[in-house]
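Subject: Structure handover

Hello,

Here is the structure for your work. My notes on it follow below.

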Amino acid sequence: MKKHPSKPAGKRRILVADDHPLFREGLVQLINRERDLSCCGETATVAATQTAAARLKPDLLVLDLRLKDGDGLELIKSLKARFPDLFVLVLSEHDETLYAERAVRAGAKGYLMKEEATDEVLNAIRKILQGELYLSRRMSVLALHKLLDNTPQEPGNYLECLSDRELQVFQMLGAGKGTADIAAELHVSPKTIESHRENIKHKLGLRNAADLLCHAVHWVHSRSGSDPRSVAQRSAS
């Protein structure tokens, strides 16, 4: 955890949690240039973020869903249980059409993708600090259409039937990780991961482990541009 010097009274205190040092540094500088905002600390892990939230008592946490030692959605739930007044803005590479609703259900007050302009990020921070919910224009429109139930789901939304943890396991499988690796990273038993795999297969109507791996690899590939053949080979080895 990196703690920043105290700022003049009247500025809202922002904690930044992101495991990419260059992006994190740029975001900190962006915040500190604003007259009404200051970065009180920066972290790269779930554990450090939990400690920083308790010690620094920020007004708002800007959080990437992917941290070095855990899951951002579970972190949001944990922090909101301990600090109900803490505002959370998710700023992530993860597809907002799949993760924004999950993040809000977990307790976040806003969701933006990292491709958004810096002015949009600052606008989101200020809106959330005012107590408002903030989503991109695209997600706001999708949410309205979903409420009215008159538009088809976007590609990839067939995974909405998965729980947050099942989606995480599905994504890790698609990234080339085996059961033992996933269990170690999530701090659970391999048997628990096997149970998640069975649930995912059932919910998605997949026949066997090969079908599950194929779907997971191609889903991750469609969002990252990686070679699905090389990922599948790593998973099988």
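A crossover counts as right-handed if, with the strands pointing away from the viewer, the path from the first strand over the helix to the second runs clockwise. By that convention, strand 8, helix 5 (residues 118–129) and strand 9 form a left-handed β-α-β unit. A right-handed β-α-β unit is made by strand 7, helix 4 (residues 96–106) and strand 8.

Please keep in mind that this is a predicted model. The average pLDDT of the protein is 85, and 84% of the residues score at least 70. Confidence is highest in strand 4 (residues 60–63), with a mean of 98, and lowest in helix 11 (residues 228–236), with a mean of 43. Over residues 225–237 the pLDDT stays under 50, and the model has 18 contacts for this stretch beyond four places in sequence. Where pLDDT is low, the predicted coordinates should not be read in detail.

Overall content

The protein has 11 helices and 9 strands. Of its 237 residues, 46% count as buried. Among contacts with a separation of 6 or more, 65% are between residues 24 or more positions apart. The accessible surface is about 12,200 Å², and carbon and sulfur atoms hold 52% of that surface.

Around strand 8

Strand 8 (residues 110–113) takes part in both of the β-α-β units described above. Strand 8 pairs with strand 7 (residues 87–92) in the parallel sense, over 4 bridges; within this pairing, leucine 91 has leucine 112 as its bridge partner. Strand 8 also pairs in the parallel sense with strand 9 (residues 134–135), over 2 bridges, and here the bridge partner of tyrosine 111 is leucine 135.

Is strand 8 covered on one face or on both? Both faces are covered: Gly110 and Leu112 on one side are buried, as are Tyr111 and Met113 on the other.

The aromatic pair

How many aromatic pairs does a search of the whole structure find? The search finds 1. The ring centres of phenylalanine 170 and tryptophan 219 are 5.6 Å apart and the ring planes are at 55°, so the pair is tilted. Phenylalanine 170 lies in helix 7 (residues 164–174) and tryptophan 219 in helix 10 (residues 209–224); the two are 49 residues apart, and the pair thus links distant parts of the chain. Both phenylalanine 170 and tryptophan 219 are buried.

Regards

How values were computed:
Residues numbered from 1 in each chain as written. Predicted model: local features only at pLDDT ≥ 70, side-chain atom pairs only at ≥ 80, totals over all residues. Heavy atoms only, no water. pLDDT = per-residue confidence, 0-100. Contact = heavy atoms within 4.5 Å. Buried < 20%, exposed > 50% of the residue type's maximum accessible area, 1.4 Å probe, protein only. Areas by Shrake-Rupley, 256 points an atom, 1.4 Å probe, with all protein chains shown as cover. Pairing = 2+ DSSP bridges. Phe/Tyr/Trp six-rings, centres within 6.5 Å; stacked < 30°, edge-to-face > 60°.
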